[in-house]
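Okay, thanks for coming, everyone. I've got one structure to walk you through today, so let me put it up on the screen.

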Amino acid sequence: MPRRAHQQTSPSLWLVAAIVLIVLAGAGAFFFQKENNPYRTVEILKPSDYLENANSLRGNTYQVEGVISSSLGSSPEKGRLFSLRISYADKEWPLPILVPRDYRELNLQKGQRYRLKVRVNDGGLLEAEEMSKS
Amino acid sequence: MSSGLILSVVLVSCVGSAWAQSPDAMSPPASPPPTPAAAPAQAQKGFLGGDMPALDPGSEVMTWDGKIWNIQDQRVFRARFEKYLNAEEESGAEAKKYRDQFKEMLDLLSPAKMSKENFRKAWAILPSASSYEPDAELCNSLDDAIFGVLLAQQEVTKIDDQNRSLAKRKDTLEWNSRFAADSSLLGPAPKNPATAEQWNREQNLKRDMKMQPLLSELGEVNASIAGNRVKKEALRLQAKIEFQVLIAQLFLQRRFEHVLLANRFYRALFGDGDNQLRVADDYAANQSAKNKESFGDLAKLPKTLGQLDALANEAIRDVKEGVESFSFLLEKSELKSAAERLSEAFAVGEYLPQIRLLPRTQKREVLEFTRKSNQLLSALEVKDYERAGTLVKELETMSRDFDSAKPMAAIETARTVSALHLAKARAAATSGDRATLETELRTATEIWPRNPALAEVSGAIFTQTDVQQQALNDFERLHAQRNYRQIFEDKVRFIAATALHPDKQEKLKQVLDQVQHAEAALLRAAELAKRGDAAGAWESVERGFSGYPDDPKLNQARAEFTTQAAEFVRSIRTAQEMERKQQLGSSLAWYLRAQQDYPNSEVAQDGIARLASQILAP
Amino acid sequence: MFWSFFRVAFAAHRGFSWDVLSLESVELTVPSAEAPLLSGITLHLPGGHFGAIVGPSGCGKSTLLKTIAGILPHTSGTIRWRGRNLDEIDLDPHELGYVPQFTCAQPRLTVGENLTYAARLRRDGDAGVIRAEVDRVEEEAGLTHLHDRRAGVLSGGQLRRLGLAMELTTNPSLLLADEVTSGLDPKSEEEITALLASLARQPGRLILLVTHSLRFLDQYDSVTVLTEGRLAYGAHPGGLTSYFNVPTPEEVYPVLGDRTASAWAEEWISSPAELGFEIEATVDDLASELTTQEEPKTSVPGFLSQALTWFSRRIKLFARDHAQVFLQLALLLVFPVVVTLFAYQGLPAVRNMTMNPDTDVVQQLRESLAFTVQSSRIGTLVSGLAMFQVILLALMGSNNSAREVVGERVILEKEKLAGLRPGAALAGMAAFLSLLVLVQSAWMTLFVRAVCQFPGDLGGQFLPFLLLTAAMTSLCLAISSWAATSEQASLGSLYLVGFQLPLSGAILALPDFLGWIIRPVISAYWAWSGYLQTLKDTRFYDLVRAITETPLANGQMATWILTLHLGLGLFLAYLGIRRSDWR
């Protein structure tokens with residue numbers, strides 16, 4: 001047993017420390033991932049599917065992530081209609097998104113990147129249920 | 001001579017209408033000839049009662065029944081006359097034989113020699129005379145008529161016999177009935193007044209019954225006798241009338257010699273002194289339609305056969321004189337007068353031997369002249385004044401007494417007036433006054449159809465009009481085919497053609513606008529395509545396409561650019577289809593996609609705006 | 001003679017030996033040296049004894065002392081103290097007093113303070129007890145008149161006495177003094193030697209002095225002569241000259257050179273002369289010796305007490321270090337100002353692009369370009385401001401703790417030897433540093449926010465900065481605890497801070513695969529991300545997003561990772577403090 005005046009750190013301690021650190025970091029990453037992508041569990045919308053036949057997707061909920069590219073119009077009752085540019089399969093797909101009145105306070109500007117949870121409504125249009133900047 | 005003239009005129013007038021019925025008439029005279037002339041001052045009225053035809057010697061114009069015409073203008077007449085002039089004289093053996101037969105018949109039936117024997121002889125000659133062709137079976141008709149009369153007489157005799165036997169019967173019946181009336185009582189009368197009355201009645205009844213058949217038969221017999229008498233009369237009259245009709249017909253047909261002959265026969269048959277023509281009076285209403293036709297104008301005929309006879313003789317004499325004068329004038333080379341004389345004579349007595357036996361040589365001389373004058377008349381009629389002018393010159397050389405003044409005057413007048421109108425037309429043409437142009441041209445054409453200047457002017461005008469019309473037709477055709485591009489190619493021609501048609505001009509304008517529009521679209525598209533902007537080119541073509549979908553060039557361009565900007569076009573098409581299906585979300589997405597491919601796309605922008613407002617509508 | 005009898009009588013009894021310290025064939029070899037540093041050292045020394053270890057330079061005197069202290073581990077042999085094998089049961093902190101050659105007293109503290117802190121670290125007791133203790137040792141060491149004198153202005157001899165006094169606070173049974181008399185003027189030397197001799201009179205106390213001076217041989221109870229690591233002589237100083245056949249003691253060293261060390265060692269072994277030194281222990285001494293074994297030990301103070309002591313000591317030292325105070329203030333005040341220089345007029349307003357889909361393309365492109373320019377301007381500004389703050393805070397953090405441990409390493413080792421728990425020392429340091437961290441991060445956040453009118457949640461902005469500064473401080477503390485020299489520590493800290501900026505991805509985005517590996521260890525990235533997340537609801541966030549490809553971590557994640565960094569730093573610092581690093 002080493003004397004008190006001669007303390008040293010064993011290498012195994014280093015290894016254990018490193019492992020613990022990684023585990024902790026990983027655990028944190030896993031738990032806090034939620035905030036990064038709150039809609040992680042929601043299926044990602046494939047723009048090609050939507051363009052092909054929006055009707056078949058009616059009623060479903062999806063997540064999309066894209067950049068706001070332009071405003072297509074607004075009405076006090078229905079909300080605002082935007083065009084969202086989504087990158088998928090190495091191509092840019094512009095999709096129309098209806099942002100309902102509930103989000104009327106949100107300052108939506110061109111160039112902002114948003115992650116949305118959308119629902120395909122009866123008219124085949126994507127309605128935003130939740131949205132957050134990404 | 002004047003009375004003869006007048007008479008001949010009368011005859012001619014009759015002839016005129018009768019010609020319509022005569023078998024060898026060419027065609028019925030059409031409308032009254034066009035050359036109007038002043039009504040003759042000496043229109044005779046009241047000769048022989050009624051409205052008589054009259055010739056105005058001054059103008060060679062006849063009036064009759066309100067109608068006015070020039071003798072010589074009767075085309076039919078002219079044709080017949082020419083034919084006559086061309087024909088050989090009838091001097092053959094047959095002709096001679098025919099003449100001799102006629103002479104013989106007339107002789108046999110002359111009043112001095114009248115007898116049953118001669119009557120039969122004359123009657124026997126008729127059939128053989130009819131074998132001569134120019135006789136036109138008239139002798140046969142006469143023969144038939146005579147036979148008819150004789151048949152009628154036979155009938156009458158038969159009726160007489162019948163009546164005699166009927167009278168006998170009547171006597172018998174009368175006696176029988178008297179007897180029946182007397183011996184009708186078959187028993188004593190009963191005592192009882194009532195029964196006596198009854199018995200009387202019964203008796204009377206019996207009597208009546210006995211007498212009835214007798215009386216009725218008697219009645220019948222009387223009626224028959226009366227009827228027979230009437231029948232007899234009717235038959236006689238009928239025979240007379242029919243014969244009279246024949247004679248009148250012959251007169252109307254200018255067969256004067258036949259008239260004379262028929263008259264003689266009539267006298268022989270109806271030697272009762274009654275030679276009144278009853279044709280019109282009593283029978284006009286009752287006669288058959290055929291007869292009525294024949295006798296349309298018979299109201300105007302002389303009333304007695306004797307008169308008819310006289311007239312026929314007069315006509316014969318007149319013709320003779322005419323022929324003589326003709327020969328005389330011919331010697332003098334006064335062909336015109338000679339022709340006139342001959343034509344007058346011919347008009348009256350065409351069938352008379354004098355006319356028939358005129359030598360051909362003589363006729364030929366006149367023929368030429370006549371032909372020429374006929375041609376002149378025709379030319380004047382058809383208003384070929386140029387030819388008329390030529391003919392006048394020829395006629396002048398031919399005949400010494402040809403008066404060229406009048407025709408020339410007519411020609412010159414016509415020429416001048418036509419030229420005047422033509423000038424007016426020209427003026428109107430240059431000024432664009434279409435209405436006046438047409439009027440003047442028409443007038444000029446009417447006046448002198450064969451005006452060479454006319455051809456030239458109208459040629460020019462009509463060519464132009466023709467061209468214009470052709471252009472208009474083409475325009476209408478192409479428009480109906482919707483071949484607007486062709487119209488556009490030829491637009492200069494069509495613009496000129498539709499200058500005076502505002503409605504067509506409007507249509508043309510529309511068409512040109514459309515094609516212009518399409519051209520502009522194509523041009524723009526080509527520009528864009530050059531810059532590599534196939535999507536923009538396609539859009540430009542699409543815009544043009546909406547205005548004029550049938551344009552082949554646009555179609556071609558459209559197909560081309562659709563291939564080049566395939567992605568963009570596909571996006572637009574899909575978007576439009578989705579929009580139709582009311583899949584707003586998808587449609588909008590496709591429009592956005594299209595806009596991404598081609599940011600300047602108007603179609604995409606419009607689509608987006610449209611869908612957005614639809615989606616956002618409350 | 002009487003005692004010889006005792007010696008003989010008791011020598012046979014194994015369980016009891018009147019030797020307090022005995023070394024049996026102690027040997028020390030190190031890989032770096034050919035010959036062993038110590039070889040075949042056998043010594044037996046009683047209590048109440050003042051022994052000297054002498055020998056020419058490099059003979060292993062200090063090595064032997066360190067070996068006895070346990071600073072250097074002997075490779076073979078046994079060292080017993082009061083019968084127990086020190087390899088099995090080490091000396092109690094209070095039993096041992098080790099006075100190194102160069103005094104490790106804090107120059108800024110007064111004699112009294114030095115002694116007080118030393119006492120407080122080593123022994124339990126309230127202020128009164130401590131005070132009494134301090135007075136005692138001062139008296140013992142003859143420093144009473146210097147109680148309020150700054151250690152920095154003491155003379156050499158005074159300093160040596162101070163060092164000695166510090167060790168005496170625990171009343172150690174074994175006092176090892178390494179050349180404490182060397183390099184002093186003759187008077188001081190004499191004084192110290194006399195002091196030591198007097199201190200040794202206490203029953204049960206063994207004082208070993210390493211010296212190369214042979215002037216005061218008569219003071220010593222025994223003399224151990226080493227030569228080249230071997231024991232040449234170990235007995236009463238009187239027999240020295242006769243053993244070595246030299247007229248005067250000064251001539252021993254030259255004579256030593258006549259033979260090889262092993263020869264001398266063999267000779268000593270072969271001639272086990274009487275130990276020679278007279279045990280002038282009275283019966284009382286014996287009795288007391290016997291009872292000394294059951295002497296109640298004074299306990300080491302509790303963890304918290306030690307931590308507090310260290311903390312208050314640190315504060316006092318900081319307060320006394322005017323340069324350091326000035327520097328800290330300067331950094332504290334200047335850095336935020338430097339940051340705000342870039343946006344002292346506040347953050348510019350953001351011009352947005354038109355969203356109308358049917359503006360024509362050229363217009364759109366122009367706007368897009370203008371927006372890009374603006375993005376790069378404003379976005380860079382905001383991102384830059386955030387990162388600037390982060391970097392400056394990191395700098396401050398490193399400055400806080402870069403020399404924290406390394407600057408007081410010897411004192412720390414000595415105190416550890418005297419019973420200071422490494423954890424307590426760390427806690428005390430951490431407490432002190434926390435104050436700095438708190439003030440620095442708070443001031444930076446508030447100042448910049450106020451001047452530049454940063455929007456966003458204050459708490460959300462403060463926390464990442466706080467954690468970053470703390471993490472940086474702790475990591476640099478760790479570096480300091482592992483570094484051999486101050487320069488090394490400073491350099492290490494510098495590199496740590498220096499790499500934060502380029503590897504954070506704020507300026508240039510790292511390639512994806514590298515980014516995922518590197519970013520987790522770059523605290524600046526997390527702090528920067530966490531800070532920017534508070535701007536998420538503003539347009540600035542969008543602009544920053546527009547100009548950087550580096551993904552921005554969310555606030556919670558940033559907090560977690562920074563906490564991990566902080567923890568890591570503390571853990572490493574603990575290990576670094578715990579390890580023995582005697583110069």
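Let's begin with a pair of strands in chain C: β9(C) and strand β10 (residues 230-235) run antiparallel and are joined by five bridges. Before I go on, some housekeeping: this is a predicted model, so local features need pLDDT of at least 70 and side-chain atom pairs count only at pLDDT 80 or more, while totals for chains, interfaces and linings use all residues. Residues are numbered from 1 along each chain as its sequence is written, and chains are lettered from A and ligands numbered from 1 in the order in which they are written. Helices (H or I, at least four residues) and strands (E, at least two) are DSSP runs, numbered from the N terminus, and two strands pair if DSSP finds at least two bridges between them.

Back to our strands. β9(C) and β10(C) make a hairpin with two residues between them, and C:Glu228 in that turn has a positive phi of about 50°. Look for C:Thr227, which sits opposite C:Arg230 in β10(C). β9(C) also pairs with strand β3 (residues 49-54) of chain C, this time in the parallel sense, over four bridges. There, C:Gly51 stands opposite C:Ser222.

Next, a helix. α11 of chain C, residues 303-320, has 18 residues. Its buried residues are C:Gln306, C:Ala307, C:Thr309, C:Trp310, C:Phe311 and C:Arg313, and what covers them includes α3 (111-122) and α15 (422-452) of chain C.

Finally, the interfaces. Contact here means C-beta atoms, placed from the backbone, within 7 Å. On that basis, 34 residues of chain C are in contact with 28 residues of chain A. On chain C's side, α20 (539-547) and α21 (555-578) each supply at least two residues, and α21(C) gives the largest share, nine residues.

Chain B meets chain C too: that contact takes six residues from chain B and four from chain C. Helix α25 (residues 602-616) of chain B gives the most to chain B's side, with three residues.

That's my tour, thanks!

How values were computed:
Expected span 1.5 Å × (residues − 1). Buried ≥ 20, exposed ≤ 12 C-beta atoms within 10 Å, placed from the backbone. Contact = placed C-beta atoms within 7 Å.
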